[in-house]
Amino acid sequence: MSWFQWSLLRPLAKGMVLVALGLGAGMTACRPPVEPGPARDGQAISALATGTLELWANGEAFLREGLVSKEGWALQFEHVYVTLADITAYQTDPPFDPQGEGELQAKALVSLTGPLTVDLVPERALLGSLEAPPGHYNALAWRLVPAAEGPAKGYSLWIEGRARPAEGEGEAIPFVLKFSPELAFVCGEYVGETRKGFVRAGQVADLEATFHFDHLFGNGSLPPKDDLNSAALGFASLVKLDPVDPVSLEQGLKAGSQPLEVDWGSLQEGSPRAQAVLQSLQSLGHVGEGHCRASSGGLGGTGSLP
């Protein structure tokens, strides 16, 4: 089924609950699943003893407390806006492996349509609460899409804060990093100190979309050759994204002479730098420490997801 055909089946109401039981066909990962018609006011699950599944977004302590990038920039965050759509929790059998090649096999699902924009800096953000049939929701998927309104309008990810050298002198300089690509994440079971997603009749369970920003900026507390730092872009590399004069821009940041603003739209589509940023953004999505399979809708954020 094409993306256009699938989109016609989505409910028009924001946050409507969708449930599918006993789905026999496989669902291709990183593609919105094929669903039956939308449930009306929960009628599809009215005959079941249901529980509640809360869906959350979490930027972790790195955003709330700040982090030191792999090159030694101390970053404090004021706002990190993400806009999520088609946030869907699944009961899968067999369990979905995002690092494998198998397709997601769903027995049941519940979904928030969105889009929903949240600020990850203050605390873990509640996306919505859904009535859900009992079972273990061991997979979670969502799309990162440009916001249609609000402070991050036009961008799927907006990072605002202040940067200063972690060592030595220098005033903190405000920065804004704005990204607009549309990304899809399909994730397996939540991994953490406590297992999540177990819905029981009359009780509340939760799942979360977790964003690991150390995968973007690196982590100065780890060795430079650590796998995470080797893969992360780092803050200095993001500063160099500005095509006008990247060298003087970085020098200006160090000198504290001007605010810094980097816009995804300034990148040359398909350039090695743009591809590197896109790959780094695809590593943001997790479920706790659990992994996700990511795909992109195009460099400009307007293409159809595969």
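Searching the whole structure turns up nine aromatic pairs, where rings of Phe, Tyr and Trp (its six-membered ring) pair if their centres lie within 6.5 Å, with planes under 30 degrees apart called stacked, over 60 edge-to-face and the rest tilted. Take Phe217 and Phe235: their ring centres are 6.3 Å apart and their planes meet at 45 degrees, so this pair is tilted. Phe217 belongs to helix 3 and Phe235 to helix 5 (residues 235-239), so the pair ties together parts 18 residues apart in sequence. Helices (H or I, at least four residues) and strands (E, at least two) are DSSP runs, numbered from the N terminus.

A word on the model: it is predicted, with local features needing pLDDT of at least 70 and side-chain atom pairs counting only at pLDDT 80 or more, while totals for chains, interfaces and linings use all residues. Residues are numbered from 1 along each chain as its sequence is written, and side-chain values use heavy atoms, leaving out hydrogens and water.

Back to the rings. Phe217 and Phe235 are both buried, meaning under 20% relative accessible area, whereas exposed is over 50% and partly exposed in between (1.4 Å probe, protein chains only). Together with Trp73, Phe77 and Phe175, they form one aromatic cluster.

Two charged side chains also lie over ring faces; this requires NZ of Lys or CZ of Arg within 6 Å of the ring centre and within 35 degrees of the ring normal.

| Charged residue | Ring | Distance to ring centre |
|---|---|---|
| Arg124 | Trp56 | 4.1 Å |
| Lys196 | Tyr190 | 5.3 Å |

Which residue is buried yet has no salt bridge? Asp214 is, and the nearest side chain of opposite charge, Arg64, is 12 Å away. A salt bridge would need a side-chain nitrogen of Lys or Arg within 4 Å of a carboxyl oxygen of Asp or Glu. Asp214 lies in helix 3 (residues 214-217). Beyond its neighbours within four places in sequence, Asp214 is in contact (heavy atoms within 4.5 Å) with Phe62, Asn219, Leu228 and Ala232.

Glu65, in helix 2 (residues 60-65), is exposed, with a relative accessible area of 59%.

Notes:
Lys, Arg positive; Asp, Glu negative; His and termini not counted.
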